[in-house]
Every structure is written in structure tokens, then in C-alpha cells.
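Biologist: Before we discuss particular residues, could you show me the model and settle the terms we shall be using?

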Amino acid sequence: MDAATYVGTQRRKFLSRERVVKWAPLLVLIVLVLLFPLFEWLEDARAGDDHVYLLDSRFFSIRNAARIFISAAPALMVAIGVTFIIIMGSIDLSMEGTVSVCAVVFAFAFIAWGGTLLSWAWLALPVAVLVGAFMGFVNGLVHIKLKIPSFMASLAMGFVGTGLALLLTGGDRIRVEDPIFRSLLTERWFNFPVMCYVAFVFLLIAWFIQSRTTLGRNFYAVGGGEELAHASGLNVERVRLMGFTLAGAFFAVGALLAVGRIGIAETATGNNFMFVSITAVVVGGTALWGGIGGVWNTLVGVLIVNVINNGMVVIGLPGWVQDGTLGLLVIAAVVLSTDRKSVSFVK
Amino acid sequence: MSFIKKFIDQEKVNRRDLLLASAYGMGGVAAAGLLGPGMARAAIADPTVAWSYRNRTNPYWNEIVSGGEAFVESLGKSKEFLTHLINEGSSEKSLADVKALLSKTNGDLALAIDTNDAPNARPVVEACAEAGAYVSTLWNKTDDLHPWDFGDNYVSHMTWSDEGPAEQTARILLEAMGGKGGVVHLGGIASNNPAIERLNGLKNALVDYPDVELLDAQPADWDTQKANQVMSSFLTRYGDEITGVHCANDTIAYGVLEALRAEGIEGMPIVSYDGNPQAVELVAAGEILATVFTNPHWGGGITASLAYHAATGAFKPSEEPPEHREFYGPTIFITPEDAAEFKANYIENVPTYDWTDFWGPSNGQIQYG
């Protein structure tokens, strides 16, 4: 190898696939955050108003950051749950049903046991998480024991969940009006509502599970090569079952934050979470075939999706452009994170 | 070889029987054809009663179907007597389910249906008329499809025009804003007819209030959480310029209220639509200025009742005037002054309706623009 070729390889190494894939989502997020104020600047410049880029931006402000974080918090919890599953190379589509059931069970229990966090009603919080974990556990059992692909098993369980939530509520909406519970939204520390901090704490817990526990490492082992993991003596079925249970628990936390945000629990509480969470995980750079990515990717992905949703309205673009843009981003993200040379066929 | 001969003889007889049976069958079909659709029977003693709709998750459809259940209970039957055909937003499934039920009941069917989209109404109505069943439609049908073109079998069609009522609530809103400032509109699914009509209502009212600017109108898909996010984005874009909010329905208004609450904004004038119980309470508390009640409970019950009573021969649809075949449903305005009274009359006790008073609360014949 002569010197010139060597330097060439080195340079290529600096912008290697791995590095691009690792940092591209964050880059996209930063570009978006700088792009929307640019549109605002253009709009004001055209109208002849004074506008210092970023400083006078309505989008690039603490108040708007708080708004984006509020809308991102419940979706982040759900997306973290599904991240674990996707790292394993499976998929969980039961989130809409699970979120609805957890929200409704929480609301019923909360009201029945006193209706304020200062009474025994606080027990409704852990109960909702347990219900979520249980639903995830059943989901995992169906997937493993009946040997149904996770895609189908979880989708079906999601429908079961939506049906169950409907059965429980009879189509009604339940209002949770306890001011202490609602302080998740109304109480602000350093400009951000409490729910943002709660979501951050659970993000740290998820990060801990992912990086500091055997279970977390096992998720990567299963996703990176299930046969190999199995041959090395890993009980793959058990890891999967625990993964789905854990995901269910995180869906439940998402449900609690969603109820905290609008003060209503209903069958429709789970609506849209499937699209937002899967999009966020994929856009964040977690590969759909497993083994790559993690909860920080998911944080970036959720923020990208919510920044787009918020920014599009802020710069005054119609709704269908938002959906279209998100769709294109998903394709771009998959293209980026897929080493297509190594994939011989796609099904 | 006698068994072969026997076999051939047997087959001959079988074949002759088959031919005879076929000829007889064809004759039967031809005879039925002579009588034409709908002439097969004048009345059905005990028709199956069915409601075909999207699903029960949506509070609006839940109310519709509870009306249908109340109607079958008024016949002295249990709730379970009502057959539910759930289309989950698919016109194909809607039509397939109706056809399946028609063959199962042999046409002894009184069907109330929202066909999911307008073009699907024709095949549904034609299938029912052909089988001699009786059908009443709600919301969706094309303008060229009329009950009177199908004799008695297409009993009635009911819909609502939301433009007028939405304009009236918009006027209440614009007055409350003092006739100046900026208003935002959060709409339903952009392609839905009611969503379009309700935005048009606002635009019509705005003509008389030149000092009010329509800052923005975005779809919130009838969804509380989506509305919550859209409203907070509006607050970023327009901030204090927003002095009033026009919501396409109540579920959107809940999301808007929470977005305002998160920012500590109080006393923002808001109007909505649908008159859900929770919204009525918010109107009574003064948090929403006005909403419009379309009485889906009555609509669901009366649509089933019309089909049922036409099927049993209690009345003959073809003898009724056009305004009894195609009509608008009721609209009731709810403002803080009458919210308490409305709550007592409609929510705390669901009124027991006279399900044979078919057209009492209705709102005149459908006009085509």
C-alpha cells in the first residue's frame, strides 16, 4: 500500500458510515432548530420588520422549547419502551392499546381511591405501571409461546387493549382534575413543567437499564445475532419476555404523562402513539433489524418529530406538508442507517 | 356388468332431476323479477334491527348507537337485539357486512347506516332494495341519490348542515372579542365535510367583523392531544395576537383549554361544537362560550326507528312528503345562560323520546347548493 492510498483510507475513515449514522440524527435536529428561525427571519425581512436571527425568533425561545418538551414527554416514554424491543430486532405495535388501558385504569383507580395524590389514590400510579408491565408480559408470552411474529402478536394485543379500554369506559372520557396531579403540567421549575423532569428521570433510568444492566446488554446480544446469543447459552426467550414487560411499563409511564397533560383519560388517549414513537425511534437512528441504537437516539428522534410538528405550524405551513415531511425523513433515516450492500434481499 | 348399467341409469335420473330443479329455480327467479324489487313483501312482522357505523371509541358514535339501543329497548327487547355492523372506517367492509346480513336475514332487515363515505351509499341502498330490506341513512350520501327513487325501501336520509350553526357560534365569539383582535381556528380532519362547513361558518361570520383577523386555521383531526399541540404551536407563532379560538368540535376545545392552562392563560374566549356533556359543563362554568348540540342520541334512535317502522308497515314512506324523506337533524345552541337548564334536560336525565315522532325535532328538507 503506497502512502497516497493510505491517506485516502484514513480520510474515508473519518467520515465512516458508523460515524455518519451515529451523529446524523443529532445533526438533523440541530439543522431543524436553526432552519425554522430562518424561515421566521425571512418572513419578517420580507415584511420589512426588524428581526435579529435567533434572538427575535419565536420558535427559538425558552417558552417554545417548553411547549415542544411538553408534547414530546409522553411520546418519549412510549418510544423508549419500543426502543428496547427494536434493539432486540423485534417490534412492538401494542402501544396504542396499552396506553389507553393504562390511562383508563389509572383514572378509574385514582378517582375511586380518593381522587387526590394526598390520599391512597397515589397507589393508582404504580398500579397503572404494573398493568402496563402485565400487558407487555402477556404480549411477550403470546409472541414467544405461540411463536407468532412480534409484529402480529403485538398488533393484535394492541387491538385487544383498545377494545378493553372501550369496554372499561363504555366510550366515555374520565376527567382527572386533582390539582396536585395536574401540577405535572401547571407547576414549572426553571420555565419547564414538572412532567419534563419526570420524563428526563425515566430517560436516565432507561439509559441505566440499557448500559449498566445485564438485561440491557442482552437486548443488544439478541438483536446483534440471536443464533449466536442462543449458542452462547443466553436464554433468548426470557430476555424477550422481559423486554416486552419493560416496554409495557414504559408505555404506562407515557400514559400517565399523557393524562397529566390533558387531564382526560379515554380510549383515544393512545391514538397516534404508534406513528410518533416508531417514527421517532427510526429517525433517531435505531436500526429496525436490531443491535444498533439506544435511548439517546430515541430522545433525538422524538425531539426531531416534535420540532417538525411545532415548527411547521410556527412558520405557517399546512398540515399535509408536515405528514409528508415526516414520511420523507423516515425514508431518509432508514436509507442512512442501512448498509444496503450487506442486505441481499428485502421482504 | 349389471352394476355399471345400474350406475348409468341412476346418473340419468339424477341428471334429469337436476335439470328439472334448475328449470324450476330459474322460473322462480324470473317470477320474482317480474314483481320487481321491493314488491316481494309489504311488511315484515319482526325485522332484525341493525346499526352500521364506524366504531364505538368515538364519543359521538357512541351516543348515536346508544340512541339505537334505547329505541330497541322501547320495543320491549333487550339492548342485544340491536345488531352492530362496525366498519372501522372502511366502505368496503361496510358494504360487505350489509350484504352478509341481508343474506343471513333473507331481507327481513331494518337497517340504520352511515355508509362511511358518500359514494358507498348507492350500492348499500341498492343491495337493501333488491333484498326487500328497509334502510335509513345518516350523514353520507351523494346528492343524486334520493329515497323517493327507491319506493319504500330507502326510507329516509338525515344529515346536518353545520355552516349556519358554526356561523352563529362564531358571532358569539367575535362579539366576546369586542369585534377586534385575532382568531385562530382548529379544525377537524381536513377532508371531512363537517370540518369544511364549520370553518366556512367562521369565515361567513368574519365578513361582518373586518377588524378581526383570521390568523390561522389548522386541522387538529378531532383529536384532543393533536389540538393541544397545535394550540401550543399557535401560541408560539402568534402569542398575544390571539384573542379568540374557534374550535371545530368539543374534543378539540379540551386540548385547547389545556394548552392555555399550561401557559397560565385564563379567560380566552372559545367556542366549540357537538355539545358533549363535558363541554356543556365547561360552558356552564364559563370556560367555553358556546357549543352546539346535535342530539346524536335522538339521531341514532330515530334513524333505526324510521327503518323499523317502515319495515313493519306502520307507515308507508312513499306516501310521505319529501321533507320527511330527506331532512336536517336538530341543532340546539348552548350558552352559559341556558347550560344549566340544558344539562338538567338532556344530560342528567336522558329524555325518553317518543320514537314514533319521526320528524318532530328535525330541521327541514335538505337543500342542495
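Modeller: A residue is called buried when its relative accessible area is under 20%, exposed when it is over 50%, and partly exposed in between. Please keep in mind throughout that this is a predicted model.

Biologist: Which residue forms a salt bridge with Arg171(B) at 2.9 Å?

Modeller: Arg171(B), which is partly exposed at 25% relative accessible area, forms a salt bridge with Glu167(B) at 2.8 Å, N to O, and these two are separated by about one helical turn because they are 4 residues apart in helix α5 (residues 163–176) of chain B. The partner at 2.9 Å is Asp208(B).

Biologist: Turning to the interface, which element gives the most residues to the side of chain A that touches chain B?

Modeller: In chain A, 39 residues are in contact with 28 residues of chain B, and Arg67(A), Arg173(A) and Val313(A) lose the most area, together 22% of what that side buries. The elements that give two or more residues to this side are α3 (62–87), α7 (179–186), α11 (236–262), α13 (295–314) and α14 (319–337) of chain A. With 5 residues, the one that gives the most is α3(A).

Biologist: Which residue of chain B is linked with Arg63(A) and Arg67(A) in a network of salt bridges?

Modeller: Between chain A and chain B the count is 5 salt bridges, and in one of them the side chain of Arg67(A) meets its partner at 2.7 Å, N to O. The residue of chain B in the network with Arg63(A) and Arg67(A) is Glu263(B).

Biologist: With which side chain does the side chain of Ser156(B) make a polar contact?

Modeller: Ser156(B) is found in strand β5 (residues 154–159) of chain B and is buried, with a relative accessible area of 2%. Beyond its neighbours within four places in sequence, its contacts include Val135(B), Leu306(B) and Phe327(B). The polar contact, at 3.0 Å, is with the side chain of Ser136(B).

How values were computed. Residues numbered from 1 in each chain as written. Chains lettered and ligands numbered in written order. Predicted model: local features only at pLDDT ≥ 70, side-chain atom pairs only at ≥ 80, totals over all residues. Heavy atoms only, no water. Contact = heavy atoms within 4.5 Å. Buried area = accessible area lost by both parts, 1.4 Å probe. Salt bridge = Lys/Arg side-chain N within 4 Å of Asp/Glu carboxyl O. Buried < 20%, exposed > 50% of the residue type's maximum accessible area, 1.4 Å probe, protein only. Polar contact = N/O pair within 3.5 Å; in protein donor to acceptor, adjacent residues only side chain to side chain.
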